Amino acid sequence: MYYVKNQRDGKEIHDPALNLAIEYYLLNEVQLDEPILLFYINDNSIIVGRNQNTYEEVNVQYVEENGVKVVRRFSGGGAVYHDLGVLNFCFLTKDDGNSFRDFKKFTNPVIEALHKMGVEGAELRGRNDLVIDGKKFSGNAMYAKNGRLTAHGTLMFDSEIEAVVKALKPKKHKLESKGIKSIRSRVTNIKPYLNDSYQYMNAKDFREQLLLYIFDTDNKDAIKEYELTEEDWKQIELFADKFTDNWEWNYGKSPTFDMERSERLSVGTVEVKMNVRKGLIADIKIFGDFFGMGEIEDVEKELRGTQYTKEALKTKVNELNINHYFGKMDADELVDLLY
């Protein structure tokens with residue numbers, strides 16, 4: 001495995017738009033003979049999932065007043081808060097056809113390292129969360145394209161939890177389904193659980209220790225590295241300009257819809273906004289924190305022009321490979337949500 005530093009001219013990058021651009025540049029353009037590991041730490045930011053409605057996930061007033069940057073990633077899943085106390089990891093590898101949604105495979109190295117540092121209660125729970133004593137400290141997501149796969153996640157090491165609470169807008173049904181009252185009650189930092197010998201660490205120190213454990217070495221010089229070239233950086237910046245640092249990508253225009261539905265389905269939250277004209281679906285947008293391999297825009301395109309009856313919708317949905325776009329779910333779930 002190769003390790004990639006998110007540094008340019010010896011300076012570490014904390015801009016979330018650039019760090020996300022590095023991820024996808026490595027995924028799409030850098031073909032090495034072994035998997036790649038990337039770590040990065042972002043300034044205050046919210047990273048929303050590929051299929052989410054940004055305005056529904058963030059407290060817009062708070063992020064604007066406090067200089068919190070909002071960036072949309074290419075993977076599915078939910079919105080997460082980053083600051084200088086959050087370490088982000090990313091594994092990039094060939095897609096073997098069996099690893100998508102296998103979060104255990106990619107989070108095990110992190111969990112095992114945490115166990116070595118004294119965090120015995122760290123474990124994977126549910127779809128994609130890492131928890132300590134039932135409290136979440138890591139959310140994880142995946143994205144696959146052209147035979148390549150990226151699995152990435154956050155590690156709340158010493159984050160400002162009050163900022164997390166204020167910046168994100170949790171869905172009412174998500175709170176109800178988890179039987180909780182607030183974000184504050186279900187998230188935690190890693191640092192309080194570490195052995196005393198690790199209490200000196202900040203997020204960067206934690207990264208260095210985690211790196212040694214994952215590569216199973218005491219010598220950092222023994223770790224193979226891929227160094228980003230100036231040509232790499234030019235391409236990364238072009239990518240950021242087009243996507244991760246572009247308002248249209250991160251927020252996008254939100255047209256007015258006359259029908260809105262949102263439910264917690266077996267694959268996660270799915271939200272649908274529709275305009276129906278003369279009995280046909282004139283326009284439709286689908287949002288959510290589900291993990292699909294395909295582009296949800298393809299589903300929207302297929303549904304436009306469909307007669308707005310249950311039978312017509314059922315016929316159309318059954319023609320689609322919905323597991324490819326949403327994850328493993330029953331077609332009737334989607335039809336019931338649409339109708």
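Helices (H or I, at least four residues) and strands (E, at least two) are taken here as DSSP runs, numbered from the N terminus. By that count, the chain has 13 helices and 15 strands, and G279 sits in the loop between β14 (268-277) and β15 (280-288).

A word on the basis: this is a predicted model, where local features need pLDDT of at least 70 and side-chain atom pairs count only at pLDDT 80 or more, while totals for chains, interfaces and linings use all residues. Residues are numbered from 1 along each chain as its sequence is written, and side-chain values use heavy atoms, with hydrogens and water left out.

**Around G279**

G279 counts as partly exposed because its relative accessibility is 36%; the class lies between buried (under 20% relative accessible area) and exposed (over 50%), with a 1.4 Å probe and protein chains only. Contact means heavy atoms within 4.5 Å. Setting aside neighbours within four places in sequence, G279 touches T306, Q307 and Y308. T309 is 30 residues from G279 in sequence, with 8.1 Å between their C-alpha atoms.

**The chain as a whole**

Here are two percentages for the chain.

| Item | Value |
|---|---|
| Buried residues, of 339 residues | 55% |
| Residues 24 or more positions apart, share of contacts with a separation of 6 or more | 68% |

The C-alpha trace spans about 65 × 45 × 40 Å along its principal axes. With 339 residues, a compact globule would have a radius of gyration near 20 Å, so the chain's 20 Å agrees; this radius is taken over C-alpha atoms, and the globule rule is 2.2 Å times the number of residues to the power 0.38.
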